[in-house]
Amino acid sequence: HGCTEQVVSQAVPAVALGKHPDFGFSAAKASASVARLIDILRARQNDDGSFGLWAANPRVEPEAVVYALHVLTDARERGYAVPSDLLRKGMGYLQSIAGQTPENLATGRTRAHAIYVLTRNEMNTSAFVSATEKNLEANHAKTWKQDIAGAYLAATKKLLKQDAQATSLLAECKFGQSVVPDDSNYLDRLSRDGQLLYLIARHFPGRAQAIQKRDLDALVEPIANGSYNTYSSAFAIMGLEAYAQRATTAAAGKFTLAEIVDGAQKPITL
């Protein structure tokens, strides 16, 4: 299938795992996958910076556009050649999303995600964060902090150096919480937990160190049950890779391994 969400999801393994040759990626193969994504997105980018669902036209799904720009931001951060004009136009569209009044929790979620991606691209989004938080609290007081919208706002606050508020807000969001279907075409339990793991691993090292086996079990349970799609698979990969990077960094210099060969101890390189 070739809709914008799916072509972005096809490139996520290259973006997230392209630097890990043990997953079968060479530098050339990973770069070619990202380059193909960029070519398709450039062909689909509208004058307002959005990406059409199938071509450059008004048929746009805002969630897919935010997702595409999120993955492009990660790709640029990892050294892939992402054209600056493609991102710059995209950020203009995300600003329009960030400035809209959400109609429901689903659009509030998309708005929070857009604000996070804008912040990752070095924009001061404090006013957007404040307005979005007030709207969510006024209209979805009982649910928004447990929603991935709350996690995206928490990560944004962390980027904006509002550490105490960020940590307090993220504490409301747990792994394995049920997801009530709403107007989103993309949210399910696996995509939610994959995004949550990604945000925790990237921005909250203390919370990452506290992740338990049951948390990861909750994430992989839908995979074991065959309950996944291109979007949720991509975020599962992104989340698990980010967590692996965090865990490897945390363990560096603190864990050693050796084997006994003919009575002599021989260090094993990790």
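Predicted model: local features only at pLDDT ≥ 70, side-chain atom pairs only at ≥ 80, totals over all residues.
Local features need pLDDT of at least 70 and side-chain atom pairs count only at pLDDT 80 or more, while totals for chains, interfaces and linings use all residues. Residues are numbered from 1 along each chain as its sequence is written, and side-chain values use heavy atoms, with hydrogens and water left out.

Helices here are DSSP runs (H or I, at least four residues), numbered from the N terminus. H5 and helix H7 (residues 148-159) pack at an angle of about 20 degrees, with their axes 8 Å apart; each axis is a line fitted to C-alpha atoms over the stretch in contact, and angles run from 0 to 180 degrees between N-to-C directions. H5 is therefore roughly parallel to H7, a term for angles under 35 degrees. Contact (heavy atoms within 4.5 Å) involves, among others, Gly108, Arg109, Ala112 and His113 of H5 and Ile148, Ala149 and Tyr152 of H7. The residues of this contact comprise nine nonpolar, four polar and two charged. In this classification Ala, Val, Leu, Ile, Met, Phe, Trp, Tyr, Cys and Pro are nonpolar, Asp, Glu, Lys and Arg are charged, and the others, Gly among them, are polar.

The structure also holds one cavity of 30 Å³ or more. On a 1 Å grid over the protein atoms alone, a cavity is a set of points where a 1.4 Å probe fits but cannot get out, and lining residues have an atom within 4 Å of a point. The volume of the largest cavity is about 120 Å³, taken as the space filled by probe spheres set on grid points that are joined across faces, edges and corners. Its lining includes Arg109, Thr110, His113, Ile148 and Tyr152. H5, H7 and helix H9 (189-203) each supply at least two lining residues, and the largest share, three residues, comes from H5.

Pockets, by contrast, are open sets of points with protein on both sides within 12 Å along at least five of seven lines. The largest pocket contains about 300 Å³ of space. Of the 18 residues that line the largest pocket, Pro62, Ile97, Gln100, Thr107 and Thr110 lie nearest its centre. Helix H3 (62-77), helix H4 (84-98) and helix H5 (105-120) are the elements that give two or more residues to this lining, and H5 gives the most, with four.

The second largest pocket holds about 230 Å³. Its lining has 14 residues, with Thr143, Asp147, Ser178, Val179 and Val180 nearest the centre.

Note on methods. Parallel < 35°, antiparallel > 145°, perpendicular 65-115°, else oblique.
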